[in-house]
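Try each task before reading its solution.

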Amino acid sequence: MIGKDKIVTLLGDTLALKLADQGEAVFVGSESGLTRFANSIIHQNVAETQSKVFFRVAMGRKLGVASTNSLSRGDLKAAYRAAIKIAKAQKENPHFESLPGPATYPDVSTFFSETAKFTPRSRGLKVKSIVQVASRRGCTVAGSLTTGTGEVAVVNTRGVAAYQPLTSASLSVIAMTKNSSGYAEGLSRDVGALDVRAVAGAAVDKAVACADPETLSPGEYEVVLEPAAVAALMEWVNYIGFGSKAMLDGTSFMCNRIGQRITGEEISIHDDGTDPAGVAMPFDFEGVPKRRVELITAGVAKGVVYDSLTASRGKTVSTGHALTPDSSGEGALALNLFVAPGDSSLPQMIAGVGDGLLVTRFHYINGFLDTPHAVLTGMTRDGLMRIKDGRLQGGVKNLRFTDSMLRAFGTVKALSAQRQCINAWWDSLGCITAPAVHLGSFRFSGQTGF
């Protein structure tokens, strides 16, 4: 960890050269340790330290971005000058008005010393306990345990000087029998909050219950989606629909539907980087405070998230969802999604299914098929189970799904009161907090042999 004073001073001194009309520096640094295991043996134990500084400058309305992974003053100045050179070669961006000004940030707890001090040996002992849980049930396990620290700072020539220290810990476990598998995961900024043995036990229970899976024909089935499955779908729904660029470009399923019912009224989704129930982060990569944004409320489309550039283009204000300067062309993205809970439970939802499927998780999802209708395709994985007469009947060989999420989530029957934080692409800066969901209809388009 470098610390606020040194980082802010270093970036501020570079921007003080005043070579551009406006300048911004974004620091992203991390120190992480990863322990991977397979066949119940640790096979990889690695550590990584990296840092990157992005400079974004404005020459009038011309913008330039350059970056460096060196913190030497000479290299920082060279990257700053490179951004200026790039800006001068650009066309004017009509939507650039100004870099954001200083703001007050919510106080959120994002750093836990136990996580920061976690050693390779500590991770190894946790993996040992996972293997012990699996071995007692005749399973082997694979997966990973990651712990780390990070720092994010945003400094600009308009007075922004934001800094946040971070820690994160994530665990994934796949338990296997000779012909089945089960999956479970955990995510928290506090490694002490990860119940490693419980995660391992859940994966093992699922693998054992799915042994000798039956073959099932594709078709339309009633389903109960566990939180990891819901989050995997929401990750893509978010990417193709809840960001400002997709909205402004007309590719989002939210386009021309604000104020209209687009899912079942039981579905409410919002983004809130200040909620410690998720993986909180108080500001975005422009130094704009994060705030709660309603995306879908009781099935009605409410809005999307913005950064400063797309907010100007959309004639609104930034919601605090800017990405790093090198990704600003992608527009804003919601990084702290929450799917509202219901009042049911996973056992109650299973009991309510006459003939359907329990889905543990999905993988290899593609969301670019038909974005205006939120059509996704992907595969079930590590725990697809048949439900008959309200009881789990055993494993089913994996199926491919192809369906509109607007249609599928228009058939919601129930949501669980309990939710889980699930890893996403951006897990060190946010997550998806989701309940289990009971859908009346979900379309499976293909089958596998495993």
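**Exercise 1: a loop residue**

T371 sits in the loop between β12 (355-370) and β13 (375-388); strands here are DSSP runs of E of at least two residues, and helices are runs of H or I of at least four, numbered from the N terminus. This is a predicted model, in which local features need pLDDT of at least 70, side-chain atom pairs count only at pLDDT 80 or more, and totals for chains, interfaces and linings use all residues. Residues are numbered from 1 along each chain as its sequence is written, and side-chain values use heavy atoms, with hydrogens and water left out.

Task: Is T371 buried or exposed, and which residues does T371 touch?

Solution: Start with the cut-offs: buried means under 20% relative accessible area, exposed over 50%, and partly exposed in between (1.4 Å probe, protein chains only). T371 has 15% relative accessibility, so it counts as buried. Next, look for contacts (heavy atoms within 4.5 Å). Leaving out residues up to four places away in sequence, T371 touches I240, T251, S252 and F253.

**Exercise 2: helix α6**

Task: Find what span α6 has between its end C-alpha atoms, and why α6 is described as largely enclosed.

Solution: First, a straight helix of 16 residues would span 22 Å at 1.5 Å a residue, taking 1.5 Å times one less than the number of residues. Helix α6 (residues 227-242) spans only 20 Å. Then count burial: 15 of its 16 residues are buried, so α6 is largely enclosed by the rest of the structure.

**Exercise 3: another loop**

Task: Where is W425 placed?

Solution: W425 lies in the loop between β16 (412-422) and β17 (431-447). With a relative accessible area of 48%, W425 is partly exposed.
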